[in-house]
Amino acid sequence: MTAPTKPSPDNPAAPAPGSDRGAGHTPSGTALHSPVIGWFDEHARDLPWRRPEAGAWGVMVSEFMLQQTPVNRVLPVYEQWLVRWPRPADLAAEAPGEAVRAWGRLGYPRRALRLHGAAAAITERHGGDVPSDHAQLLALPGIGEYTAAAVASFAHGRRHAVLDTNVRRVFARAVTGVRYPPNATTAAERRLARALLPEEEATAARWAAASMELGALVCTARNEACHRCPIAAQCAWRLAGKPEHEGPPRRGQTYAGTDRQVRGRLLAVLREAHTPVPQSALDRVWHEPVQRARALDGLVSDGLVEPLADGRYRLPLS
């Protein structure tokens, strides 16, 4: 857990994210809104899901794909996806395995199954139109608090706190005065995000997008560009002298040699084959039989692979 920032003349009682004291501290959001939104108006990337023609479905697809995946990897898959399935009903009419196949090498392929499930529910419950109500979005399968808030805000202009990793880092530094937020989102962070929301709905939606973009482009995890930050003069972490992170080391996720890598190789064989694949073809993708079997069992358990009675495997049809 992140340790509290040491008091300083500029930040005499900076609380740690996750502490009740941090939740009770109400910063002046109004001083942050205009400079951050103004910066966004000038520097926001032209991304396809931000264009009006993307619609709510385009926004939803982007939110599923962008989870733990950088924009440059998402763009080509996103564009192909929307050409093939421009509406939720188009995706819902396909087998779930086709969603997994089209997901390609984005990683975390269970997201493809969840997006397919959400598309089916939207088609059945909402006549094929992505709902604008947060509670209805949250009731869709595969959609959690973050995605529901993001779609309601970015697609429909609703007033919601949208807390991804980038936003949490901006708030931790600018308001709370620490280098990194906690590893998992806390109730105190959610209360702080709500306290920072502009009152006017359209401004709140713009603020959500702008603070996220600031974290993605300027207030990055490494090599933060404070000289380009519109709120550098108000940033509690900068004013405190940029104290180092005092919690456990922040380590990136490893991939090579993990079950994730084995799962990815197994799925690659199944994606490229349009007929069921024999066990022998899967055995060739990884040398270690115990890990390979564990990875394959995990794919079957997650619904990403369907075993057949004759010992072959395929992507799921239902």
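Me: Why is W103 called buried?
Reply: In this predicted model, W103 has a relative accessible area of 0%.

Me: What makes W81 and W103 an aromatic pair, and of which kind?
Reply: The two rings lie 5.7 Å apart, centre to centre, and a pair requires centres within 6.5 Å. The angle between the planes is 80°; over 60 degrees counts as edge-to-face, and the pair of W81 and W103 is accordingly edge-to-face.

Me: Which parts does the pair of W81 and W103 tie together?
Reply: W81 belongs to helix α4 and W103 to helix α6 (residues 96-103), so the contact joins parts that are 22 residues apart in sequence. W81 and W103 also form one aromatic cluster with W85.

Me: How many aromatic pairs does a search of the whole structure find?
Reply: The search finds 4 aromatic pairs. One of them is formed by W49 and Y78, with ring centres 5.0 Å apart and planes at 80°, so this pair is edge-to-face. W49 lies in the loop between α2 (30-43) and α3 (55-66), while Y78 lies in helix α4 (residues 71-84), so the parts tied together are 29 residues apart in sequence. Both W49 and Y78 are buried.

Me: What makes the charged end of R173 sit over the ring of W237?
Reply: The charged end of R173 is 4.8 Å from the ring centre of W237, and the distance criterion is within 6 Å. R173 is recorded as sitting over that ring.

Note on methods. Residues are numbered from 1 along each chain as its sequence is written. This is a predicted model: local features need pLDDT of at least 70, side-chain atom pairs count only at pLDDT 80 or more; totals for chains, interfaces and linings use all residues. Side-chain values use heavy atoms; hydrogens and water are left out. Rings of Phe, Tyr and Trp (its six-membered ring) pair if their centres lie within 6.5 Å; planes under 30 degrees apart count as stacked, over 60 as edge-to-face and the rest as tilted. Helices (H or I, at least four residues) and strands (E, at least two) are DSSP runs, numbered from the N terminus. Buried means under 20% relative accessible area, exposed over 50%, partly exposed in between (1.4 Å probe, protein chains only). A charge sits over a ring if NZ of Lys or CZ of Arg is within 6 Å of the ring centre and within 35 degrees of the ring normal.
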